[in-house]
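Biologist: I'd like to learn how to read a model like this one. Could you take me through it feature by feature?

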Amino acid sequence: MFSPSTQAMSSVLPSDINIPVSYKGTRILGIPIGQNKLVQSTCLDIAKSGDELCKQLINLADPQGATLLLGHCHTTRLKYLAQGVSPDRLKPAILMHDDLTCSTFATLLGNVAITANKWNQVTLPVRYGGFGLTLLETVSVPAFLSSWAHSLQKLPDRFPHLQDAIETMILSSNVQQGTEGFKLHQFPNDGQMLVDLLSNTKQLQQRLTEKIVQSKVNQMINESPVKDASRLRSLQGKGA
């Protein structure tokens, strides 16, 4: 049994009932909740479990098939966690997960050295000339914000008396909270932005992810030599 407060649980359970109670945290529907240390360690354990899958992919006889499985089976493993754990808490697991993606891909190519610029392009969607190995860092913020927005839409239906409090909370919210250390320059940092998100949550995660990817592509174009920048533009269908 889990309780975030010793006082809250002691007021509910009779003293003669011997039920073990955890105050550090627990998992609900697979999502860890509780103290930061427990949440982060649980997420790290889940990220580490991907090591066995990647070892099996490396041993496959077909590198192309292994790369496809890497993109479809490994890179998506922690997306469910990203919907329920804030990016700042998930960050250690994100780094481990994305590093494993990179090292496995490099091994499948014959242990080649992958520069930061090359890796940035590898992780782009295929429509932008990448391999579609989407980083968890790219989708973690959109996944969490989308889940948060969808949940807030349902609360007034179940708890009508909280309607005013929820609206006040949204307007005073800071989109940077829970996303410290992530590049959110593409997201306005104000409560009105969150209100706008809640007004249309259809495919919200996909739309936010696309904003991040487009921002990443634009940055690559601006920082690349003319020849490489022209190629990136052409892959977007914008011509050279």
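Modeller: Let's begin with the elements: helices (H or I, at least four residues) and strands (E, at least two) are DSSP runs, numbered from the N terminus. Gly 25, for instance, is found in strand E1. Before we go on, this is a predicted model, so local features need pLDDT of at least 70, side-chain atom pairs count only at pLDDT 80 or more, and totals for chains, interfaces and linings use all residues. Residues are numbered from 1 along each chain as its sequence is written, and side-chain values use heavy atoms, with hydrogens and water left out.

Biologist: How many helices and strands are there in the protein chain?

Modeller: The chain has twelve helices and two strands. Reading from the N terminus, the order is α-β-β-α-α-α-α-α-α-α-α-α-α-α.

Biologist: Is Gly 25 buried or exposed?

Modeller: First the cut-offs: buried means under 20% relative accessible area, exposed over 50%, and partly exposed in between (1.4 Å probe, protein chains only). Gly 25 has 8% relative accessibility, so it counts as buried. Its C-alpha lies 6.0 Å from that of Gln 35, ten residues away in sequence. For an in-between case, take Gln 56 in helix H3 (residues 50–58): its relative accessible area is 46%, so Gln 56 is partly exposed. Gln 56 and Ala 66 are also ten residues apart in sequence, with 8.9 Å between their C-alpha atoms.

Biologist: And over the protein chain, what percentage of the residues is buried?

Modeller: Of the 240 residues, 38% are buried. For surface, accessible areas come from the Shrake-Rupley method with a 1.4 Å probe, and for residues only the protein chains shown count as cover. The chain exposes about 13800 Å², and carbon and sulfur atoms supply 55% of that.

Biologist: Next, phi. What should I look for in a phi value?

Modeller: Most residues other than glycine have a negative phi. Leu 29 has a positive one, near 55 degrees. Leu 29 lies in the loop between strand E1 (25–28) and strand E2 (31–34), and it is exposed, with a relative accessible area of 72%. Gln 203 also has a positive phi, near 50 degrees. Gln 203 lies in the loop between helix H10 (191–199) and H11, and at 51% relative accessible area it counts as exposed.

Biologist: What about the inside? Which residues of the largest nonpolar core touch the most other members?

Modeller: The general idea is that in soluble globular proteins, nonpolar side chains tend to be buried together. A nonpolar core here is a set of buried Ala, Val, Leu, Ile, Met, Phe, Trp, Tyr and Cys residues joined through side-chain atoms within 4.5 Å. The largest such core has 15 residues, and Cys 43, Leu 78, Leu 81, Val 85, Leu 90, Ala 93 and Leu 136 touch the most other members. Helix H2 (36–48), helix H5 (79–84), helix H6 (87–108) and H8 each give two or more residues to this core, and H2 gives the most, with four. A second, separate core has eleven residues, including Cys 54, Leu 57, Leu 70 and Leu 133.

Biologist: Let's zoom in on Leu 81. Which residues does Leu 81 touch?

Modeller: Contact means heavy atoms within 4.5 Å. Leaving out residues up to four places away in sequence, Leu 81 touches Gly 30, Ile 31, Pro 32, Cys 43, Ile 46 and Leu 90. Leu 81 sits in helix H5 and is buried, with a relative accessible area of 4%. Its C-alpha is 7.8 Å from that of Cys 43, 38 residues apart along the chain.

Biologist: Last one: pockets. Which residues lie nearest the centre of the second largest pocket?

Modeller: On a 1 Å grid over the protein atoms alone, a pocket is an open set of points where a 1.4 Å probe fits, with protein on both sides within 12 Å along at least five of seven lines; lining residues have an atom within 4 Å of a point. The second largest pocket is lined by 14 residues, and Pro 125, Thr 134, Val 139, Thr 209 and Val 213 lie nearest its centre. H11 supplies the largest share of the lining, six residues. Thr 209 is itself in helix H11, and at 15% relative accessibility it counts as buried. Beyond its neighbours within four places in sequence, Thr 209 is in contact with Thr 138, Val 139 and Pro 142.
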